[in-house]
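User: I have a model open and would like to know what stands behind the labels put on it. Please take my questions one at a time.

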Amino acid sequence: VLTTSRNSDVTRNMMRDEIDMVNIDFEDTPFVFQLKGLSYTSNSRWNDITGRGGDDEDDEIDEAVRELRVGGSNTLNLFLSDGLCEVNLGGFAQYPYEHGWYPPNQFSEKDRVFLCPSVLLGDSRTVTHEIGHWLGLRHTFEGNSCSSTNLGDYVDDTPQHLNSNANDCEDDGRTDTCPSRPGKDPLTNFMSYSRCRLEFTPGQVERMVYQYHEYRKRILPCGEDEVYAQLTVKFDDDPDSFEVAYASYAKDDIDDRDWRQLKRENDDGFANREFSRNLCLPPQTLFAFHLVDEDRNGFDDGGYLTLELDGKLWEFNQEFDRKWQSTFFITDKCSSSGEELFTLELDAWRFDEDLSWQIRDDRGRTLVSRDVTRQYSDEAFRKLYHQVCFEQGRTYDFTLYNGGNTGGYYKL
């Protein structure tokens, strides 16, 4: 609970009663919620959050979530701010696919649900509505169009309709804002904007379960202290032979690597022209990965490799040298004492597939050049990570290339 003083009208009993109401709304789903804690934070900047303040306010929201959020990606946190009430906004939330997957013991600052305190224990079911967003549901009127090209909420059993803000709870299924499309307006659906919200559809329940297991509770095949790695190599043609190897090594033995071979020959071809391997890597070590297409016939036009560590996309590469090989490292040590290691985190939102980025120093030397072309799902951004050694006292330029000219935005 965000306040401007130590006093608040929100009590533990109110929150317990609200969670009881939420559980009634979710009784036909696999989800059950339990109040595990309640905290009060006196901070006027955070209590003034409205959800409509643009980029500057977004930084305030990120800061509040980083400081106050409890638990991992599978723990629901509700932030109550008076600022939302002042602009007549009941709440806002992020879809899980917008911040991507995190291990259950980690979270993104984009993973948040903010509420106006006055919606608690009300008939509007705003809290249930926002938790629906947290579990991946979109508005039933998503796109606000009757066009056959409007994909809406990606759920088949919620009829397409316009946002009518209907308040007629005695409607009896008469309202039909999209008469050219099947079905009547689902005014009793929790994800509509009506005042008659009573239910989720089976299709919505199916989507919530999928989104939860995909982004919030994905089962890891590794031990709790191990690093879960997913290495994927995609070919545009069938290589005659291809080598994939990785090594881990101690911090002080950066040149002493014991390569472990994952794939050497290609006698039977690769399924879907793709090689993929899940690895459980020991903690607090450094990693190197080596790939080579010896006959140079598997990467004619469009092959790529990716590496994800604990759900974070660290490496995405479509460029190989003349030997068609690539060796890349994840380390915490630069080769020169005059350099400092930085981990770059790039959020790329809603660009098309033709996206790349580059870092150059003030001498014109290219330090990093990456093509991050990849199909985005649900218009979600991908959070990309990369390590680079910056030389002290120099200036560096970061450039993002959007070849499709479709627009989008990013944060570095």
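User: Which elements do the buried residues of H1 pack against?

Analyst: This is a predicted model. In it, the buried residues of H1 pack against E3 and H6. Those residues are Met 15, Glu 18, Ile 19, Val 22 and Asp 25. They cover an arc of only 110° around the axis, which puts them on the same side of H1.

User: What makes residues three or four places apart in an α-helix point the same way?

Analyst: An α-helix has 3.6 residues a turn, so residues at that spacing point the same way.

User: How do you know what span is expected for H1?

Analyst: The expected span is 1.5 Å times one less than the number of residues. H1 has 14 residues, and the expected value is 20 Å. From its first C-alpha to its last, H1 reaches 20 Å, close to that expectation.

User: Why is H6 called largely enclosed?

Analyst: Buried means under 20% relative accessible area. In H6, 9 of the 9 residues are buried, so the helix is largely enclosed by the rest of the structure. Among them are Val 127, His 129, Glu 130, His 133 and Trp 134. The cover over the buried residues of H6 includes H1, E3, E4, H5 and E5. Just after H6, Gly 136 takes a positive phi of about 100°.

User: Why is the pair Cys 85 and Cys 116 called a disulfide?

Analyst: The cut-off is a pair of cysteine sulfur atoms within 2.5 Å. The sulfur atoms of Cys 85 and Cys 116 are 2.0 Å apart, and the pair is a disulfide. With 105° about the S-S bond, the link is right-handed. Cys 85 lies in helix H4 and Cys 116 in the loop between E5 and H6, so the pair ties together parts that are 31 residues apart in sequence.

User: Is Cys 116 buried or exposed?

Analyst: Cys 116 has a relative accessibility of 4% and counts as buried, the cut-off being under 20%.

User: How many disulfides does a search of the whole structure find?

Analyst: The search finds 2 disulfides. Besides the pair already described, Cys 146 and Cys 178 form a disulfide, with their sulfur atoms 2.0 Å apart. That value falls under the test of within 2.5 Å. The link of Cys 146 and Cys 178 is left-handed, with -80° about the S-S bond. Both cysteines lie in the loop between H6 and H7, so this pair ties together parts that are 32 residues apart in sequence.

User: What makes Cys 146 partly exposed?

Analyst: Partly exposed is the range between the buried limit, under 20%, and the exposed limit, over 50%. Cys 146 has a relative accessible area of 23%, so it is partly exposed. Cys 178, with 0%, is buried.

User: Why is Asp 111 called buried?

Analyst: The relative accessibility of Asp 111 is 1%, so the residue counts as buried. Asp 111 is found in the loop between H5 and E5. Leaving out residues up to four places away in sequence, Asp 111 touches Val 65, Arg 69, Ser 73, His 99, Trp 134 and Arg 216. A touch here means heavy atoms within 4.5 Å.

User: Why does Trp 314 count as buried?

Analyst: Trp 314 has a relative accessibility of 16%, so it counts as buried by the limit of under 20%. Trp 314 lies in strand E12. Its C-alpha atom and that of His 386, 72 residues apart along the chain, are separated by 5.7 Å. The residues that Trp 314 touches include Leu 309, Ile 330, Tyr 385 and His 386.

User: What is the volume of the largest pocket, and which element gives the most to its lining?

Analyst: The volume of the largest pocket is about 1200 Å³. Of the 45 lining residues, the closest to the centre are Gly 51, Leu 89, Gly 91, Phe 92 and Ala 93. H3 gives the most to the lining, with 7 residues. H3, E4, H6, E14 and E19 each supply at least two lining residues.

Notes
Residues are numbered from 1 along each chain as its sequence is written. This is a predicted model: local features need pLDDT of at least 70, side-chain atom pairs count only at pLDDT 80 or more; totals for chains, interfaces and linings use all residues. Side-chain values use heavy atoms; hydrogens and water are left out. Helices (H or I, at least four residues) and strands (E, at least two) are DSSP runs, numbered from the N terminus. Buried means under 20% relative accessible area, exposed over 50%, partly exposed in between (1.4 Å probe, protein chains only). The arc is that of the directions from the helix axis to the C-beta atoms. On a 1 Å grid over the protein atoms alone, a cavity is a set of points where a 1.4 Å probe fits but cannot get out, and a pocket is an open set with protein on both sides within 12 Å along at least five of seven lines; lining residues have an atom within 4 Å of a point. Grid points are joined across faces, edges and corners, and a volume is the space filled by probe spheres set on the points.
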